[in-house]
Amino acid sequence: MARVYNWQLGREMSYWYPESRPKRQFAAVFDTNKCIACQTCTLACKTTWTSGKGQEYMLWNNVESKPYGSYPLAYDVKVLEMLNSGKWTGKVYEGQTIFESAPAGERVLGWRPEQQDYAYPNCGEDDCAGQVDHGAAMMALPHMSWFFYLARICNHCTYPACLSSCPRGSIYKRPEDGIVLVDQGRCRGYQECVKGCPYKKVFFNPMAGTSEKCIACYPKIEEGIQPQCFVSCIGKIRMAGWISKQQDAKPDNPIDYLVHIKKIALPLFPQYGLEPNVYYIPPIHVPLSFSRQLFGPGADEAVKAYRNAINDPDLAALLCLFGSSEKMMPRWKRVGDDVFGMDDKGATVVKVPRNEPVIVRAAYDKLYQITRTNCP
Ligand code: SF4
Ligand code: SF4
């Protein structure tokens with residue numbers, strides 16, 4: 001095995017291939033605080049890519065309600081139990097990754113879900129587990145009435161477990177943008193990738209006899225447009241872009257700013273060791289111990305920064321840029337009360353006010369001679 005650096009673990013780790021980063025890496029930030037679980041993203045993806053035969057239970061994008069929901073069933077709990085994950089000392093992970101704890105003769109510590117495990121994506125997950133008394137504290141422990149929505153796509157990992165598990169070499173990471181794809185011509189359906197990916201974001205298509213996965217809508221990315229689940233997002237929780245290496249972070253790159261500079265967006269289960277490239281702003285209303293398990297030791301700091309965004313004009317402005325254009329916005333800036341999303345050359349793609357104007361219409365419209373009501 002090669003020794004590679006994983007900045008999310010704060011240390012080197014063992015991986016099956018030498019470190020080979022793409023020219024630029026596709027990445028995304030999801031703000032969990034804004035997701036309303038409308039599942040528009042799920043359906044946008046489903047109708048675009050997985051409406052064929054053998055794809056009936058396949059959701060490249062899914063939204064699960066934490067802490068109870070998971071798709072496929074218990075995908076997260078199972079890996080956490082198997083990994084028996086070790087502790088963090090500050091920002092350094094002391095435990096083993098799924099590569100380092102692979103059983104003899106295998107490349108990754110993994111498991112393969114049963115078909116039935118895919119049958120219940122977000123089914124009754126929002127139902128409260130118990131009686132909530134009038135005036136009860138929402139933050140009481142152990143959790144009683146809190147939950148939040150976790151939208152998930154493939155993480156287009158820097159060290160993909162799907163890729164390293166594949167005995168055919170059918171999975172590859174594009175050198176131009178870091179998007180991870182399955183070569184349908186090479187795949188023979190051994191499903192080692194399904195077993196290997198701890199996020200369970202590769203799916204077996206029994207009709208095609210091959211594995212299939214999220215392709216980050218690469219035909220759109222190539223045209224400078226964000227993926228379908230991003231542009232359809234009702235809650236405007238998503239921003240797609242490019243992430244630099246930690247030491248090369250640029251403040252005018254929105255993803256770098258949120259991940260590396262403000263450290264407000266965190267990877268999902270960094271302890272697995274894949275260096276996933278979808279980053280989450282953790283929910284601010286759930287017990288931090290739970291957020292730390294999902295997002296690592298940066299959760300406390302991230303929640304604090306998000307809560308303080310109201311006093312941080314740059315951060316508050318950048319958060320307003322989410323979902324404001326279907327185009328990729330690799331650069332941004334704030335000027336006064338306006339935030340600008342820009343292309344690679346610095347040309348404006350979109351301008352958004354930091355404070356939405358409130359316009360109260362006259363109750364009587366003289367032009368149309370009608371009386372309207374304003375929503376408070
Ligand atoms: S999330 Fe899973 S399928 Fe996607 S690149 Fe990482 S290991 Fe592969
Ligand atoms: S479309 Fe956006 S708000 Fe709706 S479920 Fe998906 S991520 Fe959440």
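Lys-200 counts as buried, because 26 C-beta neighbours sit inside 10 Å. The word buried is used for a residue with 20 or more other C-beta atoms within 10 Å of its own, exposed for one with 12 or fewer, and partly exposed for anything in between, with C-beta atoms placed from the backbone. This is a predicted model, in which local features need pLDDT of at least 70 and side-chain atom pairs count only at pLDDT 80 or more, while totals for chains, interfaces and linings use all residues. Residues are numbered from 1 along each chain as its sequence is written, and chains are lettered from A and ligands numbered from 1 in the order in which they are written.

Back to Lys-200: this residue is in the loop between helix H4 (192-196) and strand S10 (202-205). Helices (H or I, at least four residues) and strands (E, at least two) are DSSP runs, numbered from the N terminus. Lys-200 is not a glycine, yet its phi is positive. Another lysine, Lys-236, also has a positive phi, and its place is in the loop between helix H6 (228-231) and strand S12. Lys-236 is partly exposed, with 16 other C-beta atoms within 10 Å.

Here are some backbone angles to look up in the structure.

| Site | Angle | Value |
|---|---|---|
| Lys-200 | phi | about 55 degrees |
| Lys-236 | phi | near 55 degrees |
| Lys-263 | phi | near 55 degrees |
| Lys-66 to Pro-67 | omega | near 15 degrees |
| Tyr-71 to Pro-72 | omega | about -5 degrees |

The peptide bond from Lys-66 to Pro-67 is cis, and so is the one joining Tyr-71 and Pro-72. Pro-67 lies in the loop between strand S4 (62-66) and helix H2 (75-83), and Pro-72 is likewise found between S4 and H2.

Lys-263 follows helix H7. How many of the eight residues of H7 (254-261) are buried? Seven are, which leaves this helix mostly covered. Among them are Tyr-257, Leu-258 and Val-259. The buried residues of H7 pack against strands S3 (25-31), S12 (238-243), S14 (278-281) and S15 (331-335), as well as helix H10 (313-319). Two residues are in contact if their C-beta atoms, placed from the backbone, lie within 7 Å.

Next come two other helices, H8 (288-295) and H9 (299-307), whose axes come within 9 Å and cross at roughly 115 degrees. Axes are lines fitted to C-alpha atoms, for helices over the stretch in contact, and angles run from 0 to 180 degrees between N-to-C directions. H8 and H9 are therefore roughly perpendicular to each other. Angles under 35 degrees count as roughly parallel, over 145 as roughly antiparallel, 65 to 115 as roughly perpendicular and the rest as oblique. On the H8 side, Leu-288, Ser-291, Arg-292 and Phe-295 meet Ala-299, Asp-300 and Val-303 of H9.

Finally, the protein as a whole has 10 helices and 19 strands. Its radius of gyration is 21 Å, close to the 21 Å that the globule rule gives for 376 residues, so the protein is as compact as a globular protein of that length. The radius is taken over C-alpha atoms, and the rule is 2.2 Å times the number of residues to the power 0.38. Buried residues make up 43% of the 376 residues.
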